[in-house]
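Here is a friendly walk through a model of protein chains and a ligand. Please keep the 3D view open as you read.

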Amino acid sequence: MTRTSSHPRPAPADDLGVDLYRTMARIRHFETAASRLLASGELPGFLHLSIGQEAVAAGVCRALTDDDYLTTTHRGHGHCIAKGARIDLMLAELFGRAPGYCGGRSGSMHLADPGLGILGANAIVAAGVPIAVGGGLAAATRGRGQVAVAFFGDGAVAEGVVHESLNLAALWRLPVLFVCEDNQYAEMTPTETHLNNRDITAYASAHQVPAETVDGNDALAVFSAAERMVRRARDGDGPSFLHCRTYRWHGHFEGDAQNYREAAEVEAWRGRDPLRVLRLRMADESVPTAIDAECEREIALAVEWARAQPSPDPGSVTAHVYQPDGASCGS
Amino acid sequence: MRKLKYWQAINSGLAEELRRDPAVMLLGEDVGRPGGAFGATQGLHAEFGEHRVRDTPISEAALTGTAVGAALAGLRPVVEIMFFDFVTLAMDQLVNQAAKMGYLSMGRFPVPLTVRTMCGAGLGSGPQHAQGLEGWLAAVPGLKVVWSSTPADAKALLKAAIRDPDPVVVIESAALWSVRGEVPDDPEATVSIGRAVIRRSGRDATLVAWGAAVTRCLTAADILAAEGIDAEVLDLRTLSPLDTEEVLASLHRTGRLVVVQDATGPCSVGAEVIRLAATEGFAALRAPAELVSAPFAPVPFPPGLERAYFPQDDDVVAAVRRSVGKEM
Ligand SMILES: Cc1ncc(C[n+]2csc(CCOP(=O)(O)OP(=O)(O)O)c2C)c(N)n1
């Protein structure tokens, strides 16, 4: 399959703020476009969007290189974009088209890009967490200073495998960054209904993994904490845990009636829009405005391209159930 | 009789059992106040309170294990595992614990546990939300496995499962969620676990299916009838223990067997039905048995591919024609 498109990813700017803003804007425009496309019936399947949570993806991934690993969740578009995934191939996957990241077979929840260390989004809550520990194990074995990041939600913290992963990463001092994106709901259930200890950092501390809570709507704060933790990991000092308090603006999935929360609560959090938070700190107002316009164009072109791509051949469903001899993964 | 949707029949079955027996309780992610991710427990939290209809954290292993313990200690827990794929996270508790305790205790420790789960096939929800793992569960001695194709059965079999002394996995179909059907009003109307049912009588071939595939077999049978082929449709309803008597009786009437399943073929329930035909039913077979199943691959998500992946009416029709065209 040729993956041609006219949309290379923008080179990182020197300016941290501009860079973070651009990443968040790309995520925001991507998610907004996906939301519209699903509402108009163009996209099949399920979509879990991260609008309102962009600062976590942007801040953490700004501390990473292409050589680092990450795993993410059903709500993973933002993390993939921030790690450098191609928007056109992501959209093609959402449309279920052949050039998409998974050949158009898997949709929104299974994006992966070995070349960028994206070891996979996941439709199973918490399943990506030990996989990131495995990325950390490979990194430690290889000794090139790579790190692995596990993104997961507050709901995932109730799964045993998260605690097993923390113990293992701590025990083996693996270069893993656990990022809990606490948007205060697991589906329709508020966090206080499913976690006895609302201080999520305590679960990490119990395993002697250094942990910190940051304002997950402040990209600069997320970045500065992530950068410190990533440095620790690269230096061989083991795992860290970053707890980011944030909020999802849309429903758990697109189409969710959201009877479980008050409109006023959503409004209050919209007032703390991570893009606006950063914009207010930028010296020149025209810069973010220009970035927004640029992102909008980029996404529009990518949508147009993805929409025009062919569907996968139904006869190909059994291709790659097993791999040819000698096939290998990333490094 | 009332006309209810499949999910409403489940809801009504749960409500009646909660009313009937104070030992019955529901556990699951979002089953309480939100009324279930797909509405099956709507209104139950309000009627029975949070001690009997409990929202749980996302902890399938712990929640299933907790239900096993509660069952040992005298309750009749009904666990909801949101999607069939997620039973994999509860497998130790189901397979190593619940399934064996009655046996190991010489019957002194029965585990009257019900696990409800929904197969997402047909929703476009992709490879980790649409698998049919019924063959795994049906292979475990000590577990019972049922899968209803109609609202009436969805209610009656669920009630039978809750009253059963053994752990029963009740699989539900997303594809049938809003299908309406007549459901008896009598709260004592149950269907015995282990009994298949003939949905359509016929002389020329036996179609065996369960869950959402039954509907496609009935449509296929109508198409075949127009060609003068008279297919019998047998709905297994219980996948373990299998109603071998009913399957063999039908095979003796028709001499031809076509098994239709949405799951993949190798080591599956369909393969087990064919084993039955090849052994005990061998003398009755007038043509090789056919297994119409999904290809041996994960479930793709886009509608075009999903349709191509799961057996459709046409695939069933073609298999029956092949079978009828052959004579051994
Ligand atoms: C093992 C497993 N259990 C349940 C689900 C269904 N489910 C999907 S998302 C979700 C909530 C996850 O909450 P959280 O981890 O906080 O992430 P968020 O959706 O808030 O981003 C649930 C229960 C699942 N996909 N996998």
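The report below takes up the ligand, the chain interface, a salt bridge and some backbone details.

## About the model

This is a predicted model, in which local features need pLDDT of at least 70, side-chain atom pairs count only at pLDDT 80 or more, and totals for chains, interfaces and linings use all residues. Residues are numbered from 1 along each chain as its sequence is written, chains are lettered from A and ligands numbered from 1 in the order in which they are written, and side-chain values use heavy atoms, with hydrogens and water left out.

## Around the ligand

Look for the ligand between chains A and B. There are 22 residues around the ligand, and those that come nearest are His74(A), Arg75(A), Ala123(A), Gly155(A) and Glu60(B); a residue is counted here if one of its heavy atoms lies within 4 Å. By class, this shell has 10 nonpolar, 6 polar and 6 charged residues. In this scheme Ala, Val, Leu, Ile, Met, Phe, Trp, Tyr, Cys and Pro are nonpolar, Asp, Glu, Lys and Arg are charged, and the others, Gly among them, are polar.

A polar side-chain atom of Glu187(A) is 3.2 Å from a ligand nitrogen. Taken alone, the ligand exposes 580 Å², and the protein buries 97% of that (Shrake-Rupley method, 1.4 Å probe).

## Where the chains meet

The contact (heavy atoms within 4.5 Å) takes 33 residues from chain A and 29 residues from chain B. Between them the two chains bury about 2400 Å², 69% of it on carbon and sulfur atoms; buried area is the accessible area (1.4 Å probe) lost on being put together, summed over both parts. In chain B, Ile58(B), Phe301(B) and Leu305(B) lose the most area to chain A, together 27% of what that side buries.

How many salt bridges cross the interface of chain B and chain A? The rule, a side-chain nitrogen of Lys or Arg within 4 Å of a carboxyl oxygen of Asp or Glu, finds 0 there.

## A salt bridge within chain A

Over all chains, the structure holds 43 salt bridges. In one of them, Arg198(A) pairs with Asp182(A), with the closest N and O atoms 3.5 Å apart.

## Backbone details

Most residues other than glycine have a negative phi, and most peptide bonds are trans. His320(A), not a glycine, has a positive phi of about 70°. In chain B, a cis peptide bond joins Ser240(B) and Pro241(B), with omega about 0°.

Notes:
A polar contact is a pair of N or O atoms within 3.5 Å; within protein, one must be able to donate a hydrogen and the other to accept it, and residues adjacent in sequence count only if both atoms are side-chain atoms.
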